[in-house]
Amino acid sequence: MILHLDLKDNGYDIIIEHGCLNKAGEYLNLNRNVLIVSDTGVPFEYVETLLKQCPKGHYLLIEQGEVNKNLDNYAKILKELCDLRFNRKDCVIALGGGVVGDISGFAASCYMRGIDFYNIPTTSLSEIDSSIGGKTAIDFGGLKNIVGTFYQPKKVLIDPDTLKTLSERHLYNGLVEGLKMAACFDEDTFDIFMNEDIISHLDEIICKSLLIKKDVVEKDEKESGLRKVLNFGHTVGHGIEVSTDDILHGESVALGMLVMASKEVREKLLSIYPKMNIRTDYDIDVKKVMEALRHDKKGNDDGVDCVVVNRIGSFEIVKMTYEEIEERLTDCKEVMGR
């Protein structure tokens, strides 16, 4: 399947095809200097598969994990591009998950004021969500994604076969983003999560999630309105993520969705989480979460635009004060840990 994200001059194709990593040279312009950025959690055979298709290919590995989406690794990528004498006709390929995509895209957007960037996601989270839409960033000062740009890739290759090497925890961690979009837009897909075997519907969940995000980004590329809906679960989730030990991004979002859901929707989410091995018994420090939230880029002195889901398949964007958010989080702690 090929989807086209229509952003006029910044539009691009999203290729979803089993085995397309082995045919990257057919879809991407690799006949130039190419820097493949990946991390230590990605099977190196994926890097080798790409290098074989690049006449002038180079690679750079960073350490796995959100903590490595930092200024030092951003500078490391830029130094590599300088040392290899990349020019404006060359390109960067992000091969990995959301961390790799975010930091590589940010470096590509800044080097020589912008060079071509391709995204080849290899995790469920990045294949479902972060690989399209053009958000690039690094974390800084303990704040998630606080420094970054909107910079669209030239093309995205999604090979579902790469998900076979993920652990179960990381697979479900990414699928939370699909659940998020289903809760806001698609009752039928939400029903898959509730009543069907999730993994057997993996391809369908990926495609439907991408169609939803594509439609939202086309209508609001730089998050001035509708695109805020993609933050369902993220407003509180980001605060949970940076203040809680041993929790992944999707797992944090899952908890954040509970906070911004009606009682009816919350009960449905809580019935799904055991199927996805999503824990709800973390020791959440409300004060630390709120401290992080007050520094989040989405907030201001008046509060935060929060996405609330009262009924599956629909959403509201509601301006909440920090006190109102803290009250919802405190109340929600009572249902966590069941």
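Predicted model: local features only at pLDDT ≥ 70, side-chain atom pairs only at ≥ 80, totals over all residues.

Biologist: Okay, start with Phe 44 and Tyr 59. What's the geometry?

Modeller: Phe 44 and Tyr 59 sit edge-to-face, with 5.2 Å centre to centre and 65° between the planes.

Biologist: And where in the chain are those two?

Modeller: Phe 44 is in helix α2 (residues 44-51) and Tyr 59 is in strand β4 (residues 56-62). The two are 15 residues apart, and the pair links distant parts of the chain.

Biologist: Next, Phe 185 and Phe 315. What kind of pair do they form?

Modeller: A tilted one, with 5.4 Å centre to centre and 55° between the planes. The angle is not over 60, so this pair doesn't count as edge-to-face.

Biologist: Which parts does that one tie together?

Modeller: Phe 185 belongs to helix α6 (residues 168-185), while Phe 315 is in the loop between β11 (303-308) and β12 (316-320), so the pair ties together parts 130 residues apart in sequence.

Biologist: And how accessible is Phe 185?

Modeller: Phe 185 comes out at 30% relative accessibility, which is partly exposed. Phe 315 is partly exposed as well, at 27%.

Biologist: Switching topic: what lies over the face of Tyr 282?

Modeller: That's Arg 279, at 4.0 Å from the ring centre.

Technical notes
Residues numbered from 1 in each chain as written. Heavy atoms only, no water. Phe/Tyr/Trp six-rings, centres within 6.5 Å; stacked < 30°, edge-to-face > 60°. Helix = DSSP H or I, 4+ residues; strand = E, 2+ residues; numbered from the N terminus. Buried < 20%, exposed > 50% of the residue type's maximum accessible area, 1.4 Å probe, protein only. Lys NZ or Arg CZ within 6 Å of the ring centre and 35° of its normal.
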